[in-house]
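This briefing covers salt bridges and nonpolar cores. How many salt bridges does the structure hold?

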Amino acid sequence: MKFNKEQGRYIILGSIDGLLAVLGVVIGTSHVVDDPSIIINAALGGAVALALTNGIGSYLAESAVEYGHLSDLEKPLLRSLESTKLESQTKKKIWNDSIAHGGSSFIGSLVPISPFVLIDEMALEISVVMSISVLAILGVYSGRIAKQSAIKHAVRMVGLGILIVAAVTLLGLE
């Protein structure tokens, strides 16, 4: 499946949101409990809430912007664009962008959760390494979309991930 740049933006944004927010939940929860089922449940709760918030938030924001564009087009035409092909395309764009944002938030959230589901030993460490690795991949993707250095974008994403890991870890939520 090929995504347009707008959907690519939402995929990057949603994935970063899901991955880093849930990684924060995983690290914070791991500091106070050793039970993987509690960590998984807390992280999944965060993942679902974030995916819904990002998807619905994108829908509301995109609707406002895109219907504003339609309204701007209606004025010089002196007619409503309701029930036209243009309105239909606008609705499709709004839904596609919203699904891309919310869906990628949820999928990104699964990265830091998966080690706790799949393995017993060193799940937190593996979760952090996997998350940072996926951020590097997102950075390369971001660089390609921007037609800029994939390495620079990857380094920025990895730096962001390390900053979040350090900040949450330094909070010492014990």
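The structure holds three salt bridges, a salt bridge being a side-chain nitrogen of Lys or Arg within 4 Å of a carboxyl oxygen of Asp or Glu. This is a predicted model, in which local features need pLDDT of at least 70 and side-chain atom pairs count only at pLDDT 80 or more, while totals for chains, interfaces and linings use all residues. Residues are numbered from 1 along each chain as its sequence is written, and side-chain values use heavy atoms, with hydrogens and water left out.

**Salt bridges**

- E62 pairs with K93, with the closest N and O atoms 3.2 Å apart.
- E62 is in helix α2 (residues 36–77) and K93 in helix α3 (residues 85–118), so this pair ties together parts 31 residues apart in sequence; helices are DSSP runs of H or I, at least four residues, numbered from the N terminus.
- E66 also forms a salt bridge with K93 (3.5 Å, N to O).
- K93 forms a salt bridge with D97 as well, at 2.7 Å between the closest N and O atoms.
- Shared partners join E62, E66, K93 and D97 into one network.

**Burial in the network**

- D97 is buried, at 1% relative accessible area, where buried means under 20%, exposed over 50% and partly exposed in between (1.4 Å probe, protein chains only).
- E62 counts as buried at 7% relative accessibility, and E66 does at 13%.
- K93 counts as partly exposed, at 24%.

**Nonpolar core**

- The largest nonpolar core has 14 residues; such a core is a set of buried Ala, Val, Leu, Ile, Met, Phe, Trp, Tyr and Cys residues joined through side-chain atoms within 4.5 Å.
- α1 gives the most to this core, with six residues.

Note on methods. Helices (H or I, at least four residues) and strands (E, at least two) are DSSP runs, numbered from the N terminus.
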